[in-house]
Amino acid sequence: MIIAIDGPAAAGKGTIALRLAEHYRLNHLDTGLLYRAIGRKMADAGLDLDDADLAGTVARALDPADLGHADLRGREAGELASRVAIHPPVRAALIDFQRDFAARPPGAVLDGRDIGTAICPGAEVKIFVTASPEVRARRRSDELIAKGREAAYERILAEIRERDARDSGRAAAPLQMAPDAALLDTSDLGIDEAFRAAMAIVEAKRR
Ligand code: C5P
């Protein structure tokens, strides 16, 4: 079984994907990590993130070790990722890796922006996980506060809106709900409720 989970940043798709993978004993790939690693690598090397061909070269040379970089999870890496993710050569370089991962037994949960539309259009289950920008910004700022870090809600909200606009507005594999995806709005759901709702979608598809 292949489960494709797409949606904007901080909608809860990463946690839902992880829990579905555990529950159904499937492999899990957080595809955002690939774009984050490319953005991080280019920024660390002082390369121009707007150079599509250069970004494609970096993407083709991506090494599994690059995914272990210490600082890939934060907001800055997310921002770098969304800048390199607009380049068609970057996206092209990552297709085979993601499809090979999905094809490996016993199946996989992949989460990202274009899994149901471009990477695994034949996935048995597709879920589009979303939440309002305000709720997503609140979650991000609460996470930071819990870690004892400074969190400026308005700035985080502005960043989320900017990233949504870039991810949805790009020409190459934009963030879009696949026509055969189930919509899961987590705005009013806690993580356990969101997971149960996702499981209900999977079970309905399996029947
Ligand atoms: O999901 P995450 O926040 O880690 O993704 C970081 C960025 O990587 C996204 O904002 C998006 O620009 C890009 N991305 C993508 N396609 C994917 C996964 C992530 O374009 N499948």
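**Entry 1: the ligand and its pocket**

I looked up where the ligand sits, and found it in the largest pocket. I noted that a molecule sits in a cavity or pocket if more than half of its atoms lie within 2 Å of its grid points. The grid has a 1 Å spacing over the protein atoms alone: a cavity is a set of points where a 1.4 Å probe fits but cannot get out, whereas a pocket is an open set with protein on both sides within 12 Å along at least five of seven lines; lining residues have an atom within 4 Å of a point.

The model is predicted, so I noted that local features need pLDDT of at least 70 and side-chain atom pairs pLDDT 80 or more, while totals for chains, interfaces and linings use all residues. Residues are numbered from 1 along each chain as its sequence is written, and side-chain values use heavy atoms, with hydrogens and water left out.

The volume of the largest pocket is about 1,100 Å³. Such a volume is the space filled by probe spheres set on the points, which are joined across faces, edges and corners. I recorded 45 lining residues for this pocket, with A10, D30, R36, R73 and R140 nearest its centre. By class, the lining has 13 nonpolar, twelve polar and 20 charged residues. In this division, Ala, Val, Leu, Ile, Met, Phe, Trp, Tyr, Cys and Pro count as nonpolar, Asp, Glu, Lys and Arg as charged, and the others, Gly among them, as polar.

Which element gives the largest share of this lining? I found that α4 does, with six residues. Helices (H or I, at least four residues) and strands (E, at least two) are DSSP runs, numbered from the N terminus.

**Entry 2: the shell around the ligand**

The side chain of R36 has an N or O atom 2.6 Å from an oxygen atom of the ligand. For R113, a polar side-chain atom is 2.8 Å from a ligand oxygen, and for R170 the distance is 2.9 Å.

The ligand on its own has 450 Å² of accessible area, and the protein covers 96% of it. Accessible areas come from the Shrake-Rupley method with a 1.4 Å probe; for residues, only the protein chains shown count as cover.

**Entry 3: the cavity**

I searched the whole structure and found one cavity of 30 Å³ or more. The space in the largest cavity is about 40 Å³. Its lining includes D6, K126, F128 and M177. The elements supplying two or more lining residues are α6 (115-119) and β4 (125-130), and β4 gives the most, with three.

**Entry 4: backbone details**

P105 and P106 are joined by a cis peptide bond, with omega about 5°. I located P106 in the loop between α5 (88-103) and β3. A10 is a residue other than glycine with a positive phi, near 65°. A10 lies in the loop between β1 (2-6) and α1.

Definitions and conventions:
Polar contact = N/O pair within 3.5 Å; in protein donor to acceptor, adjacent residues only side chain to side chain.
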